[in-house]
Amino acid sequence: MSSPPSLTLFRGFPSKPAYVWSPFVTKLEARLRFAGLAYTTDQGAPVKAPRGKIPYLHISKEKNGASEMLSDTQLISEKLVAEGLADDLNGNLTAAEKAHDLAFRALLEDKLYFYQNYERWEQNYYTMRSGVLSALPYPAQILVGKLAYNKMSATLYGQGTSRFTPEEITKFKTEIWENVEALLTASRGKAMKKQDGGMFFVLGGGTPTEADTTLFAFIASGLVCDA
């Protein structure tokens with residue numbers, strides 16, 4: 001029986017905290033844990049990452065010495081499934097359920113993510129700078145922080161979020177979380193009727209889907225981030 005590959009997850013933050021501020025890092029960690037895959041963590045950096053994105057994953061296969069660097073949480077998940085390292089969480093969903101799963105993930109990753117970044121970078125810049133650049137000496141934090149802020153500010157304007165008022169953005173975020181809560185409440189009620197031991201998932205099924213990894217990540221990120 002061949003040995004499992006060695007996995008190193010580059011999180012963009014010092015490797016000590018159990019959770020980091022990026023929801024996409026936590027999403028990938030949840031996916032690895034759901035699959036029962038052991039991994040180590042390292043800091044890494046966007047300039048070293050495929051696609052220039054955090055997180056990224058290094059896979060080293062002991063059997064043939066091959067190694068691969070992967071980026072983008074969804075593509076990494078698909079790669080792990082394709083190589084038989086992880087189960088397909090959405091494999092048993094119907095076509096309609098897969099559409100609901102995809103829509104839910106898009107709501108968080110393509111809408112809520114930008115609202116959160118507005119709050120972090122535009123409204124709590126100094127806290128955000130200190131948190132994400134804590135590994136750098138203070139003078140470097142000032143320079144790199146300014147570059148990061150300018151890039152994020154341009155992204156938020158181009159994407160459209162910063163064209164709204166702070167009050168409107170807060171309203172949008174509140175609406176998303178209220179609807180997420182409604183889904184979870186309904187799923188919990190469904191599980192209690194089935195007497196599933198209190199375990200429930202966001203789409204109401206009996207097992208987790210990709211949507212659950214995303215939701216867990218955004219909840220954890222919101223709880224641990226100081227900005």
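**Two helix pairs**

In this predicted model, the axes of helix 3 (residues 95-123) and helix 5 (residues 138-159) come within 10 Å and cross at roughly 140°. Angles over 145 degrees would count as roughly antiparallel and those from 65 to 115 as roughly perpendicular, so helix 3 and helix 5 are oblique to each other. Their crossing is left-handed.

The contact between these two helices can be followed residue by residue. Helix 3 contributes Asp 110, Phe 114, Asn 117, Tyr 118, Trp 121 and Glu 122, which meet Gly 145, Ala 148, Tyr 149, Met 152, Ser 153, Thr 155, Leu 156 and Gln 159 of helix 5.

Helix 6 (residues 166-194) packs with helix 7 (residues 210-224) at an angle of about 130°, and their axes are 13 Å apart. That angle makes helix 6 oblique to helix 7. The crossing of helix 6 and helix 7 is left-handed.

Which residues bring helix 6 and helix 7 to meet? On helix 6 they are Trp 177, Val 180 and Leu 184, and on helix 7 they are Leu 215, Phe 218 and Ile 219. The residues of the contact of helix 6 with helix 7 divide into six nonpolar, no polar and no charged.

Key
Residues are numbered from 1 along each chain as its sequence is written. This is a predicted model: local features need pLDDT of at least 70, side-chain atom pairs count only at pLDDT 80 or more; totals for chains, interfaces and linings use all residues. Side-chain values use heavy atoms; hydrogens and water are left out. Axes are lines fitted to C-alpha atoms, for helices over the stretch in contact, and angles run from 0 to 180 degrees between N-to-C directions. Helices (H or I, at least four residues) and strands (E, at least two) are DSSP runs, numbered from the N terminus. Angles under 35 degrees count as roughly parallel, over 145 as roughly antiparallel, 65 to 115 as roughly perpendicular and the rest as oblique. A crossing is left-handed if the near helix is turned anticlockwise from the far one by less than a right angle, and right-handed if clockwise. Contact means heavy atoms within 4.5 Å. Ala, Val, Leu, Ile, Met, Phe, Trp, Tyr, Cys and Pro count as nonpolar, Asp, Glu, Lys and Arg as charged, and the others, Gly among them, as polar.
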